[in-house]
Amino acid sequence: MNTALFEYLLRLGDDRLVLGHRLSEWCGHGPILEEDIATSNIALDLLGHGTMFLKLAGQVEGKGRDEDALAYWRDEGQFRNVQLAELPRGDFGFTILRQFLFDAWSLHHLEALSRSAHPELAGIAAKAHKETRYHLRHSSEWVLRLGDGTAESHRRIQDSLEELWPWTGELSYHDAVDRELQAKAIVPDLEPLKAPWHLMVADVLTRATLTIPSGPPRMTGGRRGRHTEHLGHLLAEMQIVARSHP
């Protein structure tokens with residue numbers, strides 16, 4: 001088993017599995033019918049991307065675990081998603097802003113991954129990248145609408161930005177896992193992706209009349225299996241049926 005590749009694929013899959021679950025919590029609760037449908041479809045896309053990455057992770061691991069086993073039979077400390085993805089859904093502005101921040105990063109990351117020397121990983125990344133372009137267009141349009149909307153919508157999404165911004169630092173977290181795979185041209189260096197991500201995010205936030213917080217992103221831990229209290233509650237809900245009726 002390529003331990004580093006398995007770990008990296010868990011990161012990719014877990015981000016999307018957990019965030020997709022958070023987004024699915026809006027099903028039946030969207031602000032308008034069309035948005036209820038759109039949000040549910042994006043959640044399905046994220047779960048589909050997570051499924052593909054976790055399926056490949058199981059194959060790389062070589063221990064007979066498929067994507068379902070990895071999703072439903074791992075405990076909290078074995079998940080490798082960024083903590084940003086597991087935060088409670090909050091109001092619609094919080095959800096859409098988190099989605100935008102993740103989409104912008106994912107667009108750049110997946111594009112780079114589509115050039116991977118690993119054919120299966122490159123193929124999955126290329127497919128997911130196409131759908132992420134739609135996700136980003138959707139989330140960015142809502143950020144503009146809410147930020148440059150009413151005084152109430154502006155205040156609430158600015159408050160969400162203040163809360164979410166510190167958690168974005170983990171998106172570019174890299175360690176020995178990344179370095180080992182970079183040496184084999186399997187994954188990209190994440191450091192060069194930070195500038196175009198920030199430029200894209202800053203452009204949308206400025207046009208939305210929002211102010212980027214001055215404090216630097218600082219919160220990490222999820223990539224190493226350290227999570228907030230919220231992930232445990234999410235997994236208990238997500239895994240209950242599989243564990244109760246295996």
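Modeller: Helices here are DSSP runs of H or I with at least four residues, numbered from the N terminus. By that count, Thr-209 lies in the loop between α9 and α10 (229–244). Keep in mind that this is a predicted model.

Biologist: Is Thr-209 buried, partly exposed or exposed?

Modeller: Buried means under 20% relative accessible area and exposed means over 50%, with partly exposed in between. Thr-209 has a relative accessible area of 40%, so it is partly exposed. Ala-185, with 44%, is partly exposed too.

Biologist: How does Gly-77 read on that scale?

Modeller: Gly-77 has 43% relative accessibility and therefore counts as partly exposed. This glycine lies in the loop between α3 and α4. Gly-77 and Pro-88 are 11 residues apart in sequence, and their C-alpha atoms are 18 Å apart in space.

Biologist: What is Leu-9 in contact with, leaving aside neighbours within four places in sequence?

Modeller: With those neighbours set aside, Leu-9 touches Phe-53, Leu-54, Leu-56, Ala-57, Val-60 and Leu-121.

Biologist: What about Thr-95: where is it, and what is it in contact with?

Modeller: Thr-95 is in helix α5. Its relative accessibility is 5%, so Thr-95 counts as buried. Apart from neighbours within four places in sequence, its contacts are Leu-23, Trp-26 and Arg-89.

Biologist: And Trp-197, in which helix is it found?

Modeller: Trp-197 belongs to helix α9 (residues 194–207). Its relative accessibility is 7%, which is why it counts as buried. Beyond neighbours within four places in sequence, Trp-197 is in contact with Leu-101, Ala-104, Trp-105, His-108, Trp-165, Thr-168 and Leu-171.

Biologist: Arg-22 is an arginine. Is Arg-22 buried or exposed?

Modeller: Arg-22 is buried, because its relative accessible area is 7%. Arg-22 is found in helix α1. Leaving aside neighbours within four places in sequence, its contacts are Ala-85, Glu-86, Leu-87, Pro-88, Arg-89, Arg-98, His-230 and Leu-234.

Biologist: How does Arg-155 read?

Modeller: Arg-155 lies in helix α7. At 42% relative accessibility, Arg-155 counts as partly exposed.

Biologist: Next, helix shape. What does helix α6 span, and where does it bend?

Modeller: Compare the end-to-end reach with the expected value, then look for a bend. Helix α6 (residues 119–147) has 29 residues and reaches 41 Å from its first C-alpha to its last, close to the 42 Å expected at 1.5 Å a residue. The helix bends by about 25° at Lys-130.

Biologist: At what angle do α6 and α7 pack?

Modeller: α6 and helix α7 (residues 151–164) pack at about 125°, with their axes 7 Å apart. That angle makes α6 oblique to α7. Val-143, Leu-146 and Gly-147 of α6 make the contact with Ser-153, His-154 and Ile-157 of α7.

Biologist: Finally α10. What is its reach, and at which residue does it bend?

Modeller: α10 has 16 residues and reaches 22 Å from its first C-alpha to its last, close to the expected 22 Å. α10 bends by about 45° at Met-238.

Biologist: Which residues of α10 are buried, and what covers them?

Modeller: The buried residues of α10 are Leu-231, Leu-234, Leu-235, Met-238, Gln-239 and Ala-242. Their cover includes α1 (3–24), α3 (67–72) and α4 (83–86). Met-238, where α10 bends, is one of these buried residues, and Leu-234, also one of them, is a contact of Arg-22.

Definitions and conventions: Residues are numbered from 1 along each chain as its sequence is written. This is a predicted model: local features need pLDDT of at least 70, side-chain atom pairs count only at pLDDT 80 or more; totals for chains, interfaces and linings use all residues. Side-chain values use heavy atoms; hydrogens and water are left out. Contact means heavy atoms within 4.5 Å. Helices (H or I, at least four residues) and strands (E, at least two) are DSSP runs, numbered from the N terminus. The expected span of a helix is 1.5 Å times one less than its number of residues. The bend at a residue is the angle between axes fitted to the seven residues ending there and the seven starting there. Axes are lines fitted to C-alpha atoms, for helices over the stretch in contact, and angles run from 0 to 180 degrees between N-to-C directions. Angles under 35 degrees count as roughly parallel, over 145 as roughly antiparallel, 65 to 115 as roughly perpendicular and the rest as oblique. Buried means under 20% relative accessible area, exposed over 50%, partly exposed in between (1.4 Å probe, protein chains only).
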